[in-house]
Amino acid sequence: MCEGVTATPDLELKLPARAENVAVIRHAFGGFAEALSVDEQTLADIKLAVTEACTNVVIHAYEDEENGDLEVDASIADRRLTVVIRDNGRGIVPRPDSPGLGLGLPLIATLAETLELGKDKGDNTEVRMTFRLDEDEDEDAA
């Protein structure tokens, strides 16, 4: 089970797990992170990791004809952004017919400060990642 912040998330999204909604979530994170004055590289890393995790839900969590949700929560504490991507399907399981290369989770692990895979209290699959939101170094030097 993933341990996590019990506070109310600063951003919550729940959409049908469809490919077109991955772009919606990516766009929402762009605006969210920009409002936090995150540097461009950190913003790019966050958006790419979130996109990869959401794409995994769309591709792997549900059977071909099964409808399901893609849930995203984001919280900020101590200049760290915690993002949780959740599904109520079968989770991230290998598929012999997978269209991907199997590089999504390793990529997320390199982009995020931490990465955890597990189940929440409702037995939903969770991908939990954190990102450090450091202050701009130029501001510290001034």
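Tutor: Let us begin with terms. Helices (H or I, at least four residues) and strands (E, at least two) are DSSP runs, numbered from the N terminus. Two strands pair if DSSP finds at least two bridges between them. In the hairpin of E2 and E3, two residues lie between the strands, and Asp-78 takes a positive phi near 55°.

Student: What kind of model is this, and how are residues numbered?

Tutor: This is a predicted model, in which local features need pLDDT of at least 70, side-chain atom pairs count only at pLDDT 80 or more, and totals for chains, interfaces and linings use all residues. Residues are numbered from 1 along each chain as its sequence is written, and side-chain values use heavy atoms, leaving out hydrogens and water.

Student: In which sense do E2 and E3 pair?

Tutor: Strand E2 (residues 69–77) and E3 pair in the antiparallel sense over eight bridges; Ile-76 has Leu-81 in E3 as its bridge partner. E3 and E5 also pair in the antiparallel sense, over eight bridges, and Asp-87 has Thr-125 in E5 as its bridge partner.

Student: Why does Asp-120 count as buried?

Tutor: Buried means under 20% relative accessible area, exposed over 50%, partly exposed in between (1.4 Å probe, protein chains only). Asp-120 counts as buried because its relative accessibility is 15%. Asp-120 sits in the loop between strand E4 (114–119) and strand E5 (125–132).

Student: Which side chain does the side chain of Asp-120 contact?

Tutor: A polar contact is a pair of N or O atoms within 3.5 Å; within protein, one must be able to donate a hydrogen and the other to accept it, and residues adjacent in sequence count only if both atoms are side-chain atoms. The side chain of Asp-120 makes such a contact with that of Arg-86 (3.1 Å).
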